[in-house]
Amino acid sequence: MNKGELVAAIAKETGVTKKDIELVIKALTSTITAEIKDGGKVQIPDLGSFKAAKREARTVRNPRTGESMESPACTVAKFTAAKALKDAVK
């Protein structure tokens, strides 16, 4: 499901216009991004939590050439699914 299909499905289920749903999705993603960028955590019940995680520098291998190289330390976004979501998918 892509963004357009998601917007259409939510609009159909809620009776809200697609334009309004798009604005809500944009606001949701920008708010989550800003909170994670500031080092915070966003928890959505029955869905999961978003947070920033630090990844240490490490040696990686280029799969094409087999050459070893260094990957610098960085911060990545991490999503952890809630128990309710995990149970629903089973």
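View 1. The model is predicted, with local features requiring pLDDT of at least 70 and side-chain atom pairs pLDDT 80 or more, while totals for chains, interfaces and linings use all residues. Residues are numbered from 1 along each chain as its sequence is written, and side-chain values use heavy atoms, without hydrogens and water.

**View 2. The buried face of helix α2.** Ile21, Ile25, Ile32 and Ile36 are the buried residues of α2. Down the helix axis they fall within an arc of 40°, so they line one face of α2 (arc of the directions from the helix axis to the C-beta atoms). An α-helix has 3.6 residues a turn, so residues three or four places apart point the same way. The cover over these buried residues includes α1 (3–14), β1 (41–44) and β2 (48–55) (contact: heavy atoms within 4.5 Å).

**View 3. The span and end of helix α2.** Helix α2 comprises 20 residues, 18–37, and reaches 28 Å from first to last C-alpha, close to the expected 28 Å (1.5 Å times one less than the number of residues).

View 4. Three helices and five strands form the secondary structure, in the order α-α-β-β-β-β-β-α (DSSP runs numbered from the N terminus: helices H or I, at least four residues; strands E, at least two). Buried residues account for 13% of the 90 residues.

How values were computed:
Buried < 20%, exposed > 50% of the residue type's maximum accessible area, 1.4 Å probe, protein only.
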